[in-house]
Amino acid sequence: QLLSLSFGISHSGYDGMLFRTYASAGGRFPIEGYPVVLRSEDLEPGIYHYNVLDNSLELIRPGQFETELNGFYANQPFQNVPCYILFSMVFERTMQKYGERGYRFLYLDAGHMGQNLYLVAEHLGLGAVAIGGGNASDTVIDSLLHINRSEESFFYGFAVGTPEETP
């Protein structure tokens with residue numbers, strides 16, 4: 001529900017065009033969402049990809065990745081969260097339409113998605129905290145997500161849990 005309402009499909013138009021829950025420059029939607037489930041009653045721990053078209057989670061890598069993420073985000077006050085949501089950019093989706101100017105649109109899109117995530121988390125009674133920095137290169141997360149940095153790259157993360165877990 002958090003992912004669907006934050007950056008899923010809201011409805012389809014009369015011409016079959018799909019509308020999303022956040023604004024994106026030129027309707028390019030260059031950002032992908034990767035929930036990393038550490039603890040859940042319903043899902044196996046692991047790294048997932050949010051498939052917007054199917055409104056589903058695709059398991060990319062099963063396993064426990066708490067050590068890697070807590071190492072990357074060391075010294076943060078939310079080391080016990082049950083889930084991280086990591087964003088990556090697929091540069092070409094926006095750059096092919098806007099050229100170099102597209103680079104700034106990527107970050108505007110991220111702001112729209114982040115705002116939606118905060119609003120929906122609050123509505124659902126969850127806590128969410130945006131995380132801007134880590135203690136290692138972003139390539140560490142690219143490796144975890146199995147993404148090719150020349151085409152897609154991690155850039156932004158959120159810790160998600162109860163309000164007590166995300167001070």
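The second largest pocket in this predicted model has a volume of about 360 Å³. If you want to find it on screen, look for I9, R20, F29, V52 and L53, which are the closest to its centre among the 17 residues that line it. Three strands, β2 (18–20), β3 and β4 (46–51), each supply at least two residues of that lining. By class, the lining divides into 10 nonpolar, 4 polar and 3 charged residues.

Now, on to the largest pocket. How much space lies in it? About 550 Å³. Its lining has 23 residues, and L2, S40, L43, C83 and L126 lie nearest the centre. Here the elements giving two or more residues are α1, β3 (31–37), β6 and β8, with α1 giving the most, 3 residues. Sorted by class, we get 13 nonpolar, 6 polar and 4 charged residues in this lining.

Let's turn to the packing. The largest nonpolar core has 23 residues, and those with the most contacts inside it are L2, F7, I85, F87, L117, F155 and F158. At least two core residues each come from α1 (2–7), β6 (83–90), α4 (102–123) and β8 (152–161). Which element brings the largest share? That's α4, with 6 residues. Do click on F158 when you have a moment: leaving aside residues up to four places away in sequence, F158 touches C83, Y84, I85, F87, G114, L117, Y118, V129, A130 and I131. And there is a second, separate core of 20 residues, including L69, Y73, V81 and I131.

Key. Residues are numbered from 1 along each chain as its sequence is written. This is a predicted model: local features need pLDDT of at least 70, side-chain atom pairs count only at pLDDT 80 or more; totals for chains, interfaces and linings use all residues. Side-chain values use heavy atoms; hydrogens and water are left out. A nonpolar core is a set of buried Ala, Val, Leu, Ile, Met, Phe, Trp, Tyr and Cys residues joined through side-chain atoms within 4.5 Å. Buried means under 20% relative accessible area, exposed over 50%, partly exposed in between (1.4 Å probe, protein chains only). Helices (H or I, at least four residues) and strands (E, at least two) are DSSP runs, numbered from the N terminus. Contact means heavy atoms within 4.5 Å. On a 1 Å grid over the protein atoms alone, a cavity is a set of points where a 1.4 Å probe fits but cannot get out, and a pocket is an open set with protein on both sides within 12 Å along at least five of seven lines; lining residues have an atom within 4 Å of a point. Grid points are joined across faces, edges and corners, and a volume is the space filled by probe spheres set on the points. Ala, Val, Leu, Ile, Met, Phe, Trp, Tyr, Cys and Pro count as nonpolar, Asp, Glu, Lys and Arg as charged, and the others, Gly among them, as polar.
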